[in-house]
Amino acid sequence: MAKRIAYQMLVQASLLLLFYAAASLFTGVKFLPTDALATSLPFMQVSALKHILLDAALLTGLLGAAVYFLVVGDSPLLIWAYRLWTVFLLATGVAGVLGYFEGRHMLELPYYLDIAQLVVLVLWLLIFVQGKANMAREIFLAALLIIGVSYSFSLIPIQSPLYDRILRVLMVNGRYFLAYPLAAVVIAYWMKPDIQVYQVASAMVILGSMVSIAPLTATGAVWATGIIIAPLIFLFALFITRMTISGDYWGNLSLVLMMLSLGVLGAAFAVPALGMHMLGTQLTEVQYDLAGWAVMSLLFSLICQLSEDNHQGFRFWLIAAGLVTSAAALIIAGVAQSFMERVLSIGYLDTQNTILSLYIIWIIGILLWGFGILLQSFRLLRRDI
Amino acid sequence: MNRLLFGLSLFISFVLFVYVIGNSQGAMGSLPQEVAVGYQLWREYGCESCHTLYGQGGNYAPDLTHIYTLRGEDYLREFMVNPAARHPNQRLMPRFTITQEEIGSIIAMLRWTSNDSPIAESWPPNPIQVLGSGGFASSQSSAQDAINNPLVAEGRQIYSQRCASCHAIDEGVILVGPSFYGLANRAAERGTGQSAEDYIRDSILYPSDYLVEGYGDLMQKNFAEVLSSDEINAITAYLMTFTEGE
């Protein structure tokens, strides 16, 4: 039963990613000059859907993976947790369709769904605490706790944009740059127990924390932060090279995307002279996307392993090509934005017109990886485990 | 030992978060009531999904941290009532059913972010324009103008609020109307028999009297009603500083 639920949750995650791909496509199209749905389907709605779907997909996939590795046999608590989680996902979908999402960037879930999610997360926590005492289980539980804390902080009523900006480092960054990658490291270890998981996890915690607090630049030692991150990237690289030998293409893609998100962009944002120019551009958005895609790739690695699928098939190359195309387009767009708007003081709308071709490339990338996820989901639904 | 290492890293992370959050500016300051109401409305209407404040938010639309200083209250009121009228061929902002009272509260919040918040002066690196170019809103340049010529500084401010959406100040940059680069030289050579200052002044008050070749008769016709004579003198003084080669 546990294995079946785990697989069903991974399929759910894959389907959520499919909807996320559709929402991403709508979002990308909004950046083109003409938008026939500008007022009937405003950007705020599709962007909210995109963020929530990615979050839901990552959390569902990570929980499903944990069920696979930590839970054995039948458990009434597990069955209820799975049902409640499915109901929560459906309720989120309905809320999105009816336009009940909030206008908080990256925190669009309404309060009542936030609370429901927290309750079910506590349930999952209990299940995993009672599960198999796998090596590194406590690391996964720590990641889950950080996710819970970040959602709890988002329930605090905030009256000031400055206060909101400060707490974001925990509410959003703590999840994407600390908790999700930490959970992914543990999943990777459970799939292939030959990495130094505690050392890697410890490095990931320090790295993720520095990347999370970077937007505030509150400490006088932010330059030192940037200097510390750079060697950590290489330290991390030493650990991960052991994984690349195995030929796990999805795992390798995950590491490359994580390196880009936490390592390269994380270091850039931590340096005050760069970060101040980059904050609020496409680079901010792509950093979250890359962190999410990194975890998504690792989950696909697990799905391929469970379904005894070929890691190196056409679907992988389609998704990888799409992600790389999208990421490259957005990174170049973000760099152009930072330079034109923040350094040269060229107007926002003028800048957007100049980088229009990059948005077209971005959309092409979305089409590629979206189609790849469509094929992946179709294949998963056809298989019976 | 491994678990100890991980536990230590978690502790360091916790200390880092607490230290940074606790020491960030404006964490515990109270806001004026109208600003707090404005921020609530900012979130209710989903402004953050498209716009950024202090780099926080969506990037579908311009950063609004200093928009109050750049555009002024009148512009913002008009814009929020009918967003499509200002930038008809650009990315569209939805038209909200928003009351004048709510607009006032949102503007109060934007005034606070522009002028009164603890980090108003330090972010962003340069004030972010909506349209146009040239860094004319740089606070250092404005301060220098004020020291040298208060009239020019006032004209610069009015230009940023009234003219910058259609007229750039850089050579070769065409928005809607001609660039003002080298205007002082060109105005004297128009052949209308007027001095450069009179030509500029008449172009503001009676824009249809002389149209530059290649441009339509699109300029606002009511500046005589919305601008005082002192303000028009200030803009003229500012535009007279645009000589070719500078």
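In which loop of chain B does B:Glu48 lie? Please describe its surroundings as well.

Reply: The model is predicted, so local features are given only at pLDDT of at least 70 and side-chain atom pairs only at pLDDT 80 or more, while totals for chains, interfaces and linings use all residues, and side-chain values use heavy atoms, with hydrogens and water left out. Residues are numbered from 1 along each chain as its sequence is written, with chains lettered from A and ligands numbered from 1 in the order in which they are written.

B:Glu48 lies in the loop of chain B between α2 (33-44) and β1 (52-53); helices (H or I, at least four residues) and strands (E, at least two) are DSSP runs, numbered from the N terminus. B:Glu48 counts as buried because its relative accessibility is 3%, where buried means under 20% relative accessible area, exposed over 50%, and partly exposed in between (1.4 Å probe, protein chains only). Its side chain makes a polar contact with the side chain of A:Arg168, at 2.7 Å. A polar contact is a pair of N or O atoms within 3.5 Å; within protein, one must be able to donate a hydrogen and the other to accept it, and residues adjacent in sequence count only if both atoms are side-chain atoms.

Contact in general means heavy atoms within 4.5 Å. Leaving aside neighbours within four places in sequence, B:Glu48 is in contact with A:Gly103, A:Arg104, A:His105, A:Asp164 and A:Arg168 among the residues of chain A. From chain B, its partners include B:Tyr39, B:Trp42, B:Gln56, B:Gly57 and B:Gly58.

Two further loop residues may be described alongside. A:Met106 lies in the loop between α3 (76-97) and α4 (111-129) of chain A. Its phi is near 70°, a positive value in a residue other than glycine, and A:Met106 counts as buried at 8% relative accessibility. In chain B, B:Tyr54 lies in the loop between β1 and β2 (56-57). Phi of B:Tyr54 is near 55°, again positive in a residue other than glycine, and at 0% relative accessibility B:Tyr54 counts as buried.

Buried residues make up 64% of the 385 residues in chain A. Among contacts in chain A between residues at least 6 apart in sequence, 79% join residues at least 24 apart.
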